[in-house]
Amino acid sequence: MKKIIFLLPLLFCMCTKSDESVAPPIEPKSTFAITATPSSANVAVDENFTITVAANETIKGLGASLDNFATGGQMFTDFGTSRVLYFNTLGAKTIAIKATSASGAVFIKNVNINVTRGNALKITGMQITAFDNMNNTWDPEFGPTDPNRLADVLFNFNTSQIYTYFETQMTKRRWYLSTVKQNQGDLTWDLTNANLYINPNREITFSLGDEDTPPVGQNLIPNLPDYRIISFANYLTTKPTTITYSFPDANLSFIMTVEWAN
Ligand SMILES: [Ca+2]
Ligand SMILES: [Ca+2]
């Protein structure tokens, strides 16, 4: 930290015309420092881990970021010293932990985590084979034989997620929103490159819609709840690569293509 504090005034001097130069501001000296320790540096998709933060002074503010605070701010809160986190995408992650002391000193500590697949299942494709009023009119502004009357179909996956690094409870949020198949199209989506890795014991909330202009759309699942829960828990031993989900009460069925971990 001392080197950084020294470099900033130096750059300032180099960029300033000599006749306008002013003395660099004197930074208040601080010995405030934190450590941030992950419970494991190698975790699997959807596997919980903790980061424990410790400091040599009372922490008044604490923030975390995956983009070095390019987006989002620091959360000032009365927090514990340990947080449960997880990732649902693969690869190397850098979590920047920013702490502020009671006197306003800031210290940033990076934590590097590598996320591996573990036993995560990968969703690779989706085909809608039936939905309510399929092949009939969802866009009544078009005539009874006009192909444009057909639904412009898209689907959504929600999963339970921790939205910020400081939530202690999971809430359901969007995991994936599909492209739109205009006027039903082929009702088939290649999801190979969508990076849809998920612990097979977790649930997905599936919803299906017709896109309109403006894109508010209509729900294609006619009765409540206007979504259906899907799970892979029944297939842990058989590990099929295609799974058909049918919900006759909603005239809904679809085939999901998946890839199991070895
Ligand atoms: Ca349409
Ligand atoms: Ca439409």
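Predicted model: local features only at pLDDT ≥ 70, side-chain atom pairs only at ≥ 80, totals over all residues.

Does K239 count as buried, exposed or partly exposed? K239 counts as partly exposed, because there are 14 C-beta neighbours inside 10 Å, and a residue needs 20 or more to be buried and 12 or fewer to be exposed. K239 is found in the loop between β15 and β16, the latter covering residues 242–247. The phi angle of K239 is near 50 degrees, which is a positive value in a residue other than glycine.

Let me now turn to the overall composition. The protein has one helix and 17 strands. Of its 262 residues, 19% count as buried. Among the contacts between residues at least 6 apart in sequence, 64% join residues at least 24 apart.

I shall take the sheets next. In one open sheet, four strands follow the order β2-β7-β6-β4, with mixed pairing. The edges are held by β2, residues 42–44, and β4, residues 59–65; each has a single partner strand, so one side of each is left without a neighbour in the sheet. On average, neighbouring strands of this sheet are turned by 30 degrees against each other, direction ignored.

How does the pairing work out within this sheet? Strands β2 and β7 run parallel and are joined by three bridges, with β7 covering residues 106–116. N42 has N114 of β7 as its bridge partner, and A44 stands opposite T116 in that strand. On β6, residues 91–101, the direction is antiparallel to β7, and ten bridges join the two. There, G91 stands opposite V115 of β7. The strands β6 and β7 also form a hairpin, with four residues between them; in the turn, G104 has a positive phi of about 95 degrees.

There is also an open sheet of three strands, in the order β1-β3-β5, and its pairing is antiparallel. Its edge strands are β1, residues 34–38, and β5, residues 82–85; each has a single partner strand, so one side of each lacks a neighbour in the sheet. From one strand to the next, the twist averages 20 degrees. Five bridges pair β1 with β3, residues 49–55, in the antiparallel sense. One pair to look for on the display is T37 with its bridge partner T52 in β3.

I move on to the interior. In soluble globular proteins, nonpolar side chains tend to be buried together. In this model, the largest nonpolar core has 32 residues, of which A120, V153, L208 and L220 touch the most other members. The elements giving two or more residues to this core are β2, β8 (121–130), β9 (153–161), β12 (196–198), β13 (203–210) and β17 (252–259).

Leaving aside residues up to four places away in sequence, L208 touches F131, V153, F155, L220 and I221. Apart from this core lies another, of eleven residues, including V53, A64, A99 and F107.

Finally, I would draw attention to some loop positions. A cis peptide bond joins L224 and P225, with omega at about -5 degrees. P225 is found in the loop between β14, residues 218–219, and β15, residues 228–231.

N195 has a phi near 55 degrees, again a positive value in a residue other than glycine. N195 lies in the loop between β11, residues 188–190, and β12. With 14 C-beta neighbours inside 10 Å, N195 counts as partly exposed.

N135 and R149 are 14 residues apart in sequence, and their C-alpha atoms are 8.8 Å apart in space.

Thank you for your attention.

Key. Residues numbered from 1 in each chain as written. Chains lettered and ligands numbered in written order. Pairing = 2+ DSSP bridges. Axes fitted to C-alpha atoms, helices over the stretch in contact; angles between N-to-C directions. Core = buried A, V, L, I, M, F, W, Y, C linked by C-beta atoms within 7 Å. Contact = placed C-beta atoms within 7 Å.
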